[in-house]
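Please read the following report with the sequence and the model side by side, and look up each residue as it is named.

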Amino acid sequence: MPIIECKNLTMAYGSHIALRDLSFAIEAGDYLCIVGENGSGKSTLIKGLLGLQQPKEGKIILNGITHREIGYLPQQSMAQKDFPASVKEVVLSGCLSYKHRTPFYSADDKIKAAAALEKMGISDLEKRSFRALSGGQRQRVLMARALCAADRMLLLDEPAAALDPQASAELYALIGDLNKKEKMTIIMVSHDLDAAGKADKILHMANGCAYFGSTEQYYHSDVCHHLTGGGHHHHA
Amino acid sequence: MLESIAVMFSYGFMARAFIVGILTSLCLALLGVSLVLKRYSMIGDGLSHVGFGAVAVAMALGAAPLAVAVPVVMIAAFLLLMISDDGSFRGDAAVAVISSSALAIGVMSASLSSGINSDVHSYLFGSVLAMSKSDVMLSVAVSVAVLLLYVICYNRIFAITFDETFGRATGLKVDKYNTLLAMLTAVTVVVGMRMMGALLISSLVIFPALSAMRVFSSFRSVVICSALVSAVGFCIGIAASYWLNTPAGASVVIANLVIFLTFSTVGAVLKTNE
């Protein structure tokens, strides 16, 4: 049984339909990349998956997972660039996703945060200030925060936007490890077709589904050629 | 020195001014860190102007000023928050329009009823003499409530200040906490307005947070430093106003300005030494 299933999903803002009649399924352990141009409904689908916006028609069915158990890596906001916060404070805030009544962090929460930092290879940054970090380090910190919030599934929104090629390669390697070694389900939204090559499955959106299937077949599909302007992108 | 401090506190009005002032500066400094970081600085300014308008209208109608101002400013806080969340330049402009309109309505109703008398003047620019025993009770009650709520909600306030989007995704009621911040600010602004003045109170929201951020780089240290800076700045300002016979509100703001400039210099030095 798929862990997430969208059936004939239509979502709208008032009368503006953002995505129409979208159907696809995600299995536990999948690495799915969602591609599509601006305005193709990617952000709306993210809101739907996180339970922040209700479908207009159709369904998003979650099997054995709740919206809160999807660890989210949002795009960085401008305000965060000069925000005074230590890495530890940022990562711990992920733990709030399962703390409903208690106001303060427990020893377990702190252990969890330390483990998340270690998985991201940034234990040494714990005491550093978030605003003093490089773009790649910041993304790792925010990934660690998402890991505190959820240990089975991550939803990443343009994780490598604004990163230099080396930092983004390192980040994709970490994401790949989480999928292969930790068996986490990864949903990644990206403009970048290079990023799509890392995933096992592709959902190409154009206000609905233009392609859904394996990454390998995607590169031979018409949809892909359309997006790359007819160029060929083959990935090992 | 010690003797003249003892003399200062022997005046009942000075002791009351210190109690109310330190408590409201603490509360506004804590709330201010989030408001400044969330780009809501103008809300404090708007609230104090609406507070002045409400007080002036209440006095013209012969009603109790605070009983009118507290609910009116809370409603304004809710509205200003919604407008600011709009995110467009229109939201920013709307806050400015509401502030200046409320100020104008206040001045107008004061001059139509009794003229700009010393009461109105003291609401605009503040007065240490204005604090009565019941004001002290009210401000203690409000401040204790604000401080308690702030401590209990501290981790969540951090989360919604740092990243609203992520907060929503983890199930935090972001709008609820934003409203809480705005409401707590509204009540504290009204309580502190008498002494600091409607035109000057918003500086207590903004200055301490900005000063703290120049030097400190974790949220917790910024919050603690901001509260300390605010309380110290208030004490220096009010003591200066007592000894130099200068206006209370303006003296506190200038003390905060000096602290800010000092912290900026320290921050710049620390940065170049890194």
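In this predicted model, 15 residue pairs are in polar contact between chain B and chain A, with both partners at pLDDT 80 or more; a polar contact is a pair of N or O atoms within 3.5 Å, where within protein one atom must be able to donate a hydrogen and the other to accept it, and where residues adjacent in sequence count only if both atoms are side-chain atoms. On the side of chain B that touches chain A, helix 7 (133–152), helix 8 (154–162), helix 9 (164–169) and helix 12 (219–244) of chain B each supply at least two residues, and helix 8 of chain B gives the most, with 7 residues. Helices here are DSSP runs of H or I with at least four residues, strands are runs of E with at least two, and both are numbered from the N terminus.

Counted by contact, meaning heavy atoms within 4.5 Å, the interface takes 26 residues from chain B and 33 residues from chain A. The two chains bury about 2,400 Å² between them, 62% of it on carbon and sulfur atoms, where buried area is the accessible area (1.4 Å probe) that two parts lose on being put together, summed over both. Arg156(B), Phe162(B) and Phe166(B) supply 29% of the area that chain B buries against chain A, more than any other three residues.

The rule also finds 2 salt bridges across this interface, a salt bridge being a side-chain nitrogen of Lys or Arg within 4 Å of a carboxyl oxygen of Asp or Glu. One of them joins the side chains of Asp82(A) and Arg39(B) at 3.9 Å, N to O.

Pro74(A) lies in the loop between strand 5 (70–73) and helix 2 (87–92) of chain A. Leaving aside neighbours within four places in sequence, Pro74(A) is in contact with Arg145(A) and Asp157(A), and also with Asp163(B), Thr165(B) and Phe166(B). In chain B, Asn178(B) belongs to helix 10 (residues 174–196), and its side chain makes a polar contact of 3.1 Å with that of Glu164(B).

Several of the residues discussed here count as buried, which means under 20% relative accessible area, whereas exposed means over 50% and partly exposed lies in between (1.4 Å probe, protein chains only).

| Residue | Relative accessible area | Class |
|---|---|---|
| Cys33(A) | 0% | buried |
| Cys95(A) | 0% | buried |
| Pro74(A) | 2% | buried |
| Asn178(B) | 2% | buried |

How many disulfides does the rule count over all chains? The count comes to 0, a disulfide being taken as a pair of cysteine sulfur atoms within 2.5 Å. The sulfur of Cys95(A) is 4.0 Å from the closest cysteine sulfur, in Cys148(A), and therefore too far for a bond.

As for confidence, chain B averages a pLDDT of 90, and 97% of the residues score at least 70, pLDDT being the predictor's confidence in each residue, from 0 to 100. The predictor gives the complex an ipTM of 0.88 and a pTM of 0.90.

Residues are numbered from 1 along each chain as its sequence is written, and chains are lettered from A and ligands numbered from 1 in the order in which they are written. Local features need pLDDT of at least 70, side-chain atom pairs count only at pLDDT 80 or more, and totals for chains, interfaces and linings use all residues, while side-chain values use heavy atoms, with hydrogens and water left out.
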